[in-house]
Amino acid sequence: MANFREKPANAPRLWVPEGLASGAHLVLPERAARHVAALRLAPDDAVCLFDGGGGEWHATLTRIGRGGTGVHVGAHAALERESPLDIT
């Protein structure tokens, strides 16, 4: 398994609406799974997951296929990448 302490600079960020917790094994929502396929990622590749609630989780892809795209969720990083500006 990958080292979750540091996210590779090129790891894609994927929105996952629920279930994010360190140590969790999840199946990605369909849109995120399609994005993984479009990027031609493979098992053991690093990704970042976020739910809009603050921070992000480092994760590793565990499987990609018709049965779904699985990830193992690693450590939470309490950082914000959203703009502090109000954009209307």
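Where do Glu-30 and Arg-34 lie, and how many residues apart? I found both in helix H1 (residues 30-38), four residues apart, about one turn of the helix. Helices (H or I, at least four residues) and strands (E, at least two) are DSSP runs, numbered from the N terminus.

I noted the ground rules next. This is a predicted model, where local features need pLDDT of at least 70 and side-chain atom pairs count only at pLDDT 80 or more, while totals for chains, interfaces and linings use all residues. Residues are numbered from 1 along each chain as its sequence is written, and side-chain values use heavy atoms, leaving out hydrogens and water.

**Salt bridges**

I looked for a side-chain nitrogen of Lys or Arg within 4 Å of a carboxyl oxygen of Asp or Glu. By this rule I count two salt bridges. Glu-30 forms one with Arg-34, with the closest N and O atoms 2.8 Å apart. Glu-56 and Arg-13 form a salt bridge at 3.0 Å, N to O. That pair links distant parts of the chain, 43 residues apart: Glu-56 is in strand E4 (residues 56-63), Arg-13 in strand E1 (residues 13-15).

Buried means under 20% relative accessible area, exposed over 50%, partly exposed in between (1.4 Å probe, protein chains only). Glu-56 is buried at 1%; Arg-13 is partly exposed at 28%. Glu-30 is exposed at 60%.

**Strand E5**

I then turned to E5 (residues 70-77), where six of eight residues are buried. Strands pair if DSSP finds at least two bridges between them. E4 and E5 run antiparallel, joined by six bridges. Trp-57 stands opposite His-76 in E5.
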